[in-house]
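Trainee: I would like a close look at one part of this model. Please take it slowly and keep the pieces connected.

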Amino acid sequence: MKKRKKHKQSIMQIKDGTCYLCKKLNEDYRIHPVVHEHHVYCGPNRSVSEENGFKVYLCLEHHTVGKAAVHNNHENMRILQKDCQREYEKTHTRQQFMDLIGRNYLDEEWKPHEENKEKGEELGFRLLEEWEL
């Protein structure tokens, strides 16, 4: 017997025809004729997103079509990921989030080229020494 997937409501937004990013970025609360459900953490974490309500509703421009669409715009995708983690951590611990998603989006992002510039290192790959394996 196939296990039935859990479909939890969004922990971030009520499905009311508004777009999460239109409201957040533009203070635009209009009702859209079509909004798409977007799983905040995709790829291998898509099912985790579905089971835990890590999803929002987006207009076409913010979902797939425009330059600001989360599938085309890393900054807007990161906004959703950080907002979702903050919302989840209102009722759960950071470790519980890490156990589910495997990454913390709220800490400052590491900027490898800035760190390497200070050390005078070139960007790119290097071979590991045997003791580093």
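Is Cys84 buried or exposed? And what surrounds that stretch of the chain?

Mentor: Keep in mind that this is a predicted model. Cys84 is buried, and its relative accessible area is 0%.

Gln85 sits in helix α4, which spans residues 74-88. Gln85 is buried too: its relative accessible area is also 0%, so it falls under the 20% cut-off for a buried residue. The side chain of Gln85 has a polar partner. It reaches the backbone nitrogen of Leu106, at 3.5 Å. Leu106 is also on the contact list of Gln85. Leaving out residues up to four places away in sequence, that list holds Tyr41, Arg94, Phe97, Arg103, Asn104, Tyr105 and Leu106.

Now move past the helix. Thr91 lies in the loop between α4 and α5, the latter being residues 94-101. Thr91 is exposed, at 62% relative accessible area. Its side chain makes a polar contact of 2.8 Å with the side chain of His92.

Val65 counts as exposed, with 52% relative accessibility. Val65 belongs to a nonpolar surface patch with Val34 and Leu60. Together the three have about 240 Å² of accessible area.

Back to cysteines. The structure has 0 disulfides. Cys59 is in none, and the nearest cysteine sulfur, that of Cys19, lies 3.7 Å away.

The chain has 6 helices and 2 strands. From the N terminus, the order is α-β-α-β-α-α-α-α. Take the contacts between residues at least 6 apart in sequence: 51% of them join residues at least 24 apart. The chain exposes about 9900 Å², with 50% of that area supplied by carbon and sulfur atoms.

How values were computed
Residues numbered from 1 in each chain as written. Predicted model: local features only at pLDDT ≥ 70, side-chain atom pairs only at ≥ 80, totals over all residues. Heavy atoms only, no water. Disulfide = S-S within 2.5 Å. Buried < 20%, exposed > 50% of the residue type's maximum accessible area, 1.4 Å probe, protein only. Helix = DSSP H or I, 4+ residues; strand = E, 2+ residues; numbered from the N terminus. Polar contact = N/O pair within 3.5 Å; in protein donor to acceptor, adjacent residues only side chain to side chain. Contact = heavy atoms within 4.5 Å. Patch = residues over 30% accessible without salt bridge, like charges linked within 9 Å, V, L, I, M, F, W, Y side chains within 5 Å. Areas by Shrake-Rupley, 256 points an atom, 1.4 Å probe, with all protein chains shown as cover. Salt bridge = Lys/Arg side-chain N within 4 Å of Asp/Glu carboxyl O.
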